[in-house]
Amino acid sequence: YLVLIQLFLRNSFRFIAKPCAINLGIQDSGPHRAQPNAILEKVFTSITKSPDGKRLEGLSKQLDWDVRKIQRWFRHRRNQDKPTTLTKFCESMWRFTFYLSIFFYGIRFLWTAPWFWDTRQCWYNYPFQPLTSRLYYYYILELAFYWSLMFSQFTDIKRKDFLIMFVHHLATIGLITFSYMNNMVRVGTLVLCLHDASDFLLEAAKLANYAKYQRLCDAFFMLFGVVFIVTRLGIYPFWILNTTLFESWELIGPYPSWWLFNGLLVTLQILHIIWSYLIIRTAYKALVRGKVSKDDRSDVESSSEEEDVTSNSTKGVFSTSSNGSNRINGHVASGQWTEE
């Protein structure tokens with residue numbers, strides 16, 4: 001029920017985000033469209049969207065076109081099916097609004113919670129710990145949001161980190177559901193709040209990127225990188241995993257579900273390490289070169305190598321392709337800015 005509401009709110013939020021995007025100068029225009037060609041369109045829809053060299057040679061002879069021109073046509077044709085910058089701005093603004101709101105709600109709630117200051121409180125009197133209404137709504141809202149991300153991932157443009165994000169969503173949903181069913185909600189709130197601490201900064205960087213505020217975008221990304229690494233590689237293992245692996249073992253002892261719960265938490269930590277490595281590599285290249293080349297997970301491909309060179313010369317840390325349509329769905333992709 002709440003998942004459907006979340007999906008409805010996500011789609012309805014466009015009516016709020018779109019005027020903001022237009023005021024920032026973001027146009028509802030897509031990439032350059034490929035010129036109509038029945039032969040190439042048939043190949044694109046029926047055979048392949050990325051023809052190999054042999055097929056390109058055959059098409060070149062059939063149409064009396066240069067191979068490079070045909071390659072450019074296929075790039076344009078693939079790009080025209082991708083979402084516009086305005087669409088991506090609206091999606092990021094929705095996620096930014098949710099992450100920011102739920103983070104401050106979580107901080108306000110946990111500030112008065114005893115287990116926020118002493119993680120051993122997560123296990124005292126377990127499993128007979130009361131479930132307050134504020135804790136319940138915090139949990140349910142987070143669970144519904146991640147379910148909505150899971151469903152929308154199959155309708156959004158498929159990206160190179162689709163599998164990683166799919167595993168991330170599965171692990172997150174599994175953790176929230178499992179911890180709720182086993183009344184491990186106290187430590188669960190710590191995990192949720194910790195993850196929300198950096199997510200809204202990433203969405204803020206994406207919004208600045210779409211609006212072409214490059215310095216603001218770079219600043220948000222650097223801040224996101226610092227917060228992400230501190231929370232995911234520092235606080236998470238030494239605060240969260242310490243209490244779930246060692247303090248819980250000491251106070252309540254291991255039991256069958258204990259292994260599954262910690263297995264999911266360790267899976268998240270592995271993903272944290274992968275993403276942190278990619279973030280550090282992106283930041284390093286930005287510092288060394290002063291810019292980062294095009295996004296490996298870009299929604300839109302450059303229409304030609306010359307366009308790539310021209311557009312790369314003006315890019316910052318969070319680069320966009322020549323038509324400004326790169327995006328982040330999750331976190332960062334190999335060496336460049338990348339989504340959820």
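Colleague: Why does Ser276 count as buried?

Modeller: Ser276 has a relative accessibility of 1%, and buried means under 20% relative accessible area, exposed over 50% and partly exposed in between, with a 1.4 Å probe and protein chains only. The value of Ser276 is under the 20% limit, so the residue is buried. This is a predicted model in which local features need pLDDT of at least 70 and side-chain atom pairs count only at pLDDT 80 or more, whereas totals for chains, interfaces and linings use all residues. Residues are numbered from 1 along each chain as its sequence is written, and side-chain values use heavy atoms, with hydrogens and water left out.

Colleague: In which helix does Ser276 lie, and what does Ser276 touch?

Modeller: Ser276 belongs to helix 12, residues 256-289; helices here are DSSP runs of H or I with at least four residues, strands are runs of E with at least two, and both are numbered from the N terminus. Beyond four places in sequence, Ser276 touches Phe228, Ile229 and Leu233, where contact means heavy atoms within 4.5 Å. Leu233 is 43 residues from Ser276 in sequence, yet their C-alpha atoms are 7.9 Å apart.

Colleague: What makes Val187 buried?

Modeller: The relative accessible area of Val187 is 1%, which is why the residue is classed as buried. Val187 lies in helix 10, residues 185-210. Apart from residues up to four places away in sequence, Val187 touches Cys122, Trp123, Thr243, Thr244 and Phe261. Of these, Thr244 lies 57 residues away along the chain, with 7.9 Å between the C-alpha atoms. Cys122 is itself buried, because its relative accessibility is 2%.

Colleague: Why is Arg95 called buried?

Modeller: Its relative accessible area is 2%, so Arg95 is buried. Arg95 is found in helix 6, residues 85-110. Leu202 is 107 residues from Arg95 in sequence and 9.8 Å away, C-alpha to C-alpha.

Colleague: How many disulfides does the structure hold?

Modeller: The structure holds zero disulfides. Cys20 is in none, since the nearest cysteine sulfur, that of Cys90, is 8.7 Å away, and a disulfide is a pair of cysteine sulfur atoms within 2.5 Å. Cys20 counts as partly exposed because its relative accessibility is 30%.

Colleague: How do you know that helix 5 has close to the expected reach?

Modeller: Helix 5, residues 67-79, has 13 residues and reaches 18 Å from its first C-alpha to its last, close to the 18 Å expected. The expected span is 1.5 Å times one less than the number of residues. The buried residues of helix 5 include Ile70, Trp73 and Phe74, and their cover includes helix 3 (38-46) and helix 4 (53-63). At the start of helix 5, a side-chain oxygen of Asp66 comes to within 2.9 Å of the backbone nitrogen of Arg68.

Colleague: Why are Asp64 and Asn125 called exposed?

Modeller: Asp64 has 69% relative accessibility and therefore counts as exposed; Asn125, with a relative accessible area of 62%, is exposed as well. Asp64 lies in the loop between helix 4 and helix 5, and Asn125 in the loop between helix 7 and helix 8. Asp64 has a positive phi of about 60 degrees although it is not a glycine, and Asn125 likewise has a positive phi of about 60 degrees. Most residues other than glycine have a negative phi, and most peptide bonds are trans.

Colleague: Which residues does a cis peptide bond join?

Modeller: The cis bond joins Tyr126 and Pro127, with omega at about 5 degrees. Pro127 lies in the loop between helix 7 and helix 8, the latter being residues 133-155.

Colleague: Where in the protein is confidence lowest, and where highest?

Modeller: The lowest mean pLDDT is 36, in helix 13 (residues 305-312), and the highest is 94, in helix 7 (residues 114-117). Here pLDDT is the predictor's confidence in each residue, from 0 to 100. The protein averages 78, and 80% of the residues score at least 70. Over residues 292-340 pLDDT stays under 50, although the model has 172 contacts beyond four places in sequence for them. Where pLDDT is low, the predicted coordinates should not be read in detail.

Technical notes: Polar contact = N/O pair within 3.5 Å; in protein donor to acceptor, adjacent residues only side chain to side chain.
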